[in-house]
Each structure stands twice: as structure tokens, then as C-alpha cells.
Amino acid sequence: MTTATSTAQIDQAADGARSLHRAIGLLRLLSTRGATGWRLSDLAQEASLEHSTVHRMLNCLLLERLAVRVEGTRRYTLGPLAYELGVAAAPHFAIERVAGPALMQLAAETRDIVFLNVRSGTESVCVARFEGRKALKAYTVEVGTRRPLSLSAGGAAMLIALPRAEQTGIEAQNLHAIERRGEARQTAVRRMLQRSRRLGYGCNQEDMIPGIVAIGVAIRAKTGEPVASLSLAASCADLRSPRRGRLIERLNIEAASIGEQLGQLRY
């Protein structure tokens, strides 16, 4: 094998890996708008890719059933193969199956909304939501919602449990991801993270939605790595001291119990 041939093969491998990373990035984006889907132009802008590149990748994802076009529109979202792969992985990663009964009881007792999130790189994904008796109509986070870690109390709880150097890198990526939302939102994120680091748990004090407060704690694997979080959302009036302190203690107890059961899964 000549040096030129070897170099060409290395370049091809690098191009292949780059294309794979880009395709996975598109799948992540498609998962954030499951109901409405993405227009191709918006998807290209959000992914910072050329329109033609996204068009080519989408065609491949459509062919493999990893993406579909929303009926009657020119919008795209996740396809049936994504669901099928999830079904196969669920027995090994579905933390909500382990945590569900206890969290359902917690929501019933507190009358608040309880969320279970898992970490997905620099993002947080809601995998379970348990409703208390008090409805929070402004709180629209549903199962499947994917957001940067820095945008929620549960995400912040996982973020501040990481080594500080890793926190810094993720925070920078998260702020870049939301820069189109304006400086006010970035300021709110920084304020929430600063407060959370000071308190030692995720604390969203009306930073994202007026009148809504949320607190969160990390769920750690045996290695100590934060792999998930448990959070609770309520109105400002319902989450004042000393009740907030009691709820944090309860969340920490439940998070520790869930962490001990993670051995049943592949975390």
C-alpha cells in the first residue's frame, strides 16, 4: 500500500465518521419536535449545515425509516425505526420502570409535578412525568422533551455534579445552542446555574417561566457519574421555605434509592 493510498483511506474514514456524527446530530434535532416536525431550511440552520447536505442526509434517513415526513406538510420528524430501536433498548435502559412506582407516590403525596430525566451528552431528556393534583398549565415539558442541560432544574442538577472543567465546556455549548433565543434567556441560564452551584442542587427560581419554581437532584451510577435526575415543579407559593428544604431531603432520598437500583440496568 502506497502512502498516497493510505492517506486517501484515512481521509475517507474521517469523512465517513464526520457524516455519521452529522446524521446523529440531525436525529437529535428531529427528536425535539416530534409533534410539529422541522422544515428542511430550519433544520439546516439549526444544525449549521448546508441545505444540500441536510437534504441528502434526510433522504437517507427517510429511506432507512429513521425519519418521516409529517403528513400533509414539508416537515420532518423521527421515523418508525427510531421507535423500534428504542423498544429493543428499553429493557436495559428504561430507568422509569425502576423508579416509576416511588415517583408516582411522591407526586401524589406532594401534589406537585415530578419529573425523571436522563442525561444525553450535553442534553437532558424527560423520560417520565408524574402529575400531582395541582395543575401547572404553563409547564409544557412532556415525556420525550429534549433540552440543553442548562435549561432545567433537573438538567442543572446533573451538570453541577460533573467535574468543573466538564461543566464549563457543556455550559458553553448549551449557551451557544440557545443564543438565537436572545441575551435575556442566556442571562437567566447563567443565573440559574450560579444559584444551583451555590445551593448544591438544581434550582430554577422563575428563571424560565414566570410563577414556576423547580428543584432537582442528580441520580448517580455506581461510578458516581450523574446519569439522571429527579426534579419537582410547583408554583412559587407552594415551594417556599421550609417546605422546599423538606422536599429536597425527600428528593435526595428517592434519588439515592433509584441509584442503588441502577444495577438492574446498563448504566
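A polar contact is a pair of N or O atoms within 3.5 Å; within protein, one of the two must be able to donate a hydrogen and the other to accept it, and residues adjacent in sequence count only if both atoms are side-chain atoms. D42 is found in helix α2, residues 40-47, where helices (H or I, at least four residues) and strands (E, at least two) are DSSP runs numbered from the N terminus. The C-alpha atoms of D42 and L247, 205 residues apart along the chain, are separated by 41 Å.

The structure is predicted, so local features need pLDDT of at least 70 and side-chain atom pairs count only at pLDDT 80 or more, while totals for chains, interfaces and linings use all residues. Residues are numbered from 1 along each chain as its sequence is written, and side-chain values use heavy atoms, with hydrogens and water left out.

Seen as a whole, the protein has nine helices and nine strands. Its radius of gyration is 20 Å, close to the 18 Å that the globule rule gives for 267 residues, so the protein is as compact as a globular protein of that length; the radius is taken over C-alpha atoms, and the rule is 2.2 Å times the number of residues to the power 0.38. Along its principal axes, the C-alpha trace spans about 70 × 45 × 35 Å.

Strand β5, residues 123-130, holds E123. Is this residue buried or exposed? With a relative accessible area of 18%, E123 is buried. Its side chain makes a polar contact of 3.1 Å with the side chain of R28. Not counting residues up to four places away in sequence, E123 touches R28, V118, R146, R147, P148 and L149, contact meaning heavy atoms within 4.5 Å.

Some backbone details also deserve a look. Most residues other than glycine have a negative phi, and most peptide bonds are trans. In S48, however, phi is positive, near 55°; this residue is found in the loop between α2 and α3 (51-63) and counts as exposed at 62% relative accessibility. R111 also has a positive phi, near 70°, and lies in the loop between α5 (95-110) and β4 (113-120). At 36% relative accessibility, R111 counts as partly exposed. The peptide bond from S241 to P242 is cis, with omega near 0°, and P242 has its place in the loop between β9 (226-235) and α9 (243-261).

Definitions and conventions:
Buried means under 20% relative accessible area, exposed over 50%, partly exposed in between (1.4 Å probe, protein chains only).
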